[in-house]
Amino acid sequence: MAASPHIALEILNKAHPAETASAIFTEKVLHKPLHLRPTSPDPNSQDARAHRRLQRLRKVQKARRRQRPKPLSAKEKRITGIYEIPKESRKYEIYVPLYRMWLEYIWEILGMAKGKTNWITPQGAGAMIASADFHGAKLMVVRSKCVSLVALKGIVVRDTKFTFQIITEGNELKTIPKNHTIFRFQIPQPDAVADIADAEARRDIPQEDMGANALILEIHGSSFEHRAIDRATKKFKQRPMPEL
């Protein structure tokens, strides 16, 4: 039984003459070189393997970066209300320990907690007060263009760029604009509670028992129109106050 011709030769015969088809078949099919991979290891194979491994690791890291959640936009924050204080948490007694912590904080930055001095000056402590964090401070509005805000007082629960949000003793959340508003706050003397050494126990003492010789300070909200984190690194300069 005669062997059937190669299928490639049959296709070439249909497109070319017999002699041309036979020559092309012999050159391109029968005598085509077959390149085989050498059995001996390539001296550069280890470097190539390490390079491929590095490429795989980079692809994995890139894919992980893409899977990280993006930060919420301002619109998404407003919709979700992540910074809103729920109504059940708008109670004055909840934030009294925060006020005690703020007293410890303000005593420390003014050097009063260590017993160095019991008085401060505008030149020495003005910059510290201007860059202090007022979360937990007890503020009272003493002057404002909005008359209904005067005499409001409470504990600061949120210090934004343009407003102070306070919880009043009546368990109400009030938002007070900083612009054109003057706030007053008091810093009790640490010596009034020196007979109690434990700072944790000191927070349980009512403000009325901390002594009457408290430092009374007033701040102009127009000069505090910065976020608390930005005020910590900002250098304040003395400027005229046209409102005065």
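One aromatic cluster is made up of Trp102, Phe134, Phe164, Phe183, Phe185 and Phe224. Please keep in mind that the model is predicted. The structure holds six aromatic pairs. One of them joins Trp102 and Phe185, edge-to-face, with 5.9 Å from centre to centre and 80 degrees between the planes. Since Trp102 belongs to helix α5 and Phe185 to strand β5 (residues 181-187), this pair ties together parts that are 83 residues apart in sequence. Trp102 has a relative accessibility of 3%, so it counts as buried; Phe185, at 2%, counts as buried too.

A further pair brings in another strand. The ring centres of Phe164 and Phe183 are 5.1 Å apart and the planes stand at 90 degrees, so this pair is edge-to-face. It links distant parts of the chain, with Phe164 in strand β3 and Phe183 in strand β5, 19 residues apart. Phe164 and Phe183 are both buried. Phe164 also has a charged neighbour: Lys178 lies over the face of its ring, at 4.6 Å from the ring centre.

How far apart are the end C-alpha atoms of α5? They are 21 Å apart, which agrees with the 21 Å that 15 residues (96-110) should span at 1.5 Å a residue. Tyr99 has a lysine of its own, as Lys138 lies over the face of its ring at 4.8 Å from the ring centre. After α5 comes Gly111, with a positive phi near 75 degrees.

Next, turn to the strand that carries Phe164. Is β3 (residues 163-167) enclosed or open? Five of its five residues are buried, so the strand is largely enclosed by the rest of the structure. Thr163, Gln165 and Ile167 point one way, while Phe164 and Ile166 point the other way, and all are buried.

β3 has a partner strand in each of two hairpins. With β2 (residues 153-159) it runs antiparallel, joined by four bridges, and Val156 stands opposite Ile166. Three residues lie between β2 and β3 in their hairpin. With β4 (residues 173-177), β3 is again antiparallel, this time through five bridges, and Ile167 has Leu173 as its bridge partner. The hairpin of β3 and β4 has five residues between the strands, and Asn171 in the turn has a positive phi of about 60 degrees.

Finally, see how these pieces meet in the interior. In soluble globular proteins, nonpolar side chains tend to be buried together. Here the largest nonpolar core has 33 residues, of which Trp102, Ile106, Ile129, Phe134, Leu139, Phe185 and Ile187 touch the most other members. At least two residues each come from α5, α6 (122-130), β1 (138-144), β2, β3, β5 and β6 (215-220). α5 gives the most to this core, with six residues. For a closer look, pick Ile129: leaving aside neighbours within four places in sequence, it is in contact with Ile106, Leu110, Phe134, Phe185, Leu217, Ile219 and Phe224. Among these, Phe134, Phe185 and Phe224 bring us back to the aromatic cluster where we began.

Terms used
Residues are numbered from 1 along each chain as its sequence is written. This is a predicted model: local features need pLDDT of at least 70, side-chain atom pairs count only at pLDDT 80 or more; totals for chains, interfaces and linings use all residues. Side-chain values use heavy atoms; hydrogens and water are left out. The expected span of a helix is 1.5 Å times one less than its number of residues. Buried means under 20% relative accessible area, exposed over 50%, partly exposed in between (1.4 Å probe, protein chains only). Two strands pair if DSSP finds at least two bridges between them. Rings of Phe, Tyr and Trp (its six-membered ring) pair if their centres lie within 6.5 Å; planes under 30 degrees apart count as stacked, over 60 as edge-to-face and the rest as tilted. A charge sits over a ring if NZ of Lys or CZ of Arg is within 6 Å of the ring centre and within 35 degrees of the ring normal. A nonpolar core is a set of buried Ala, Val, Leu, Ile, Met, Phe, Trp, Tyr and Cys residues joined through side-chain atoms within 4.5 Å. Contact means heavy atoms within 4.5 Å.
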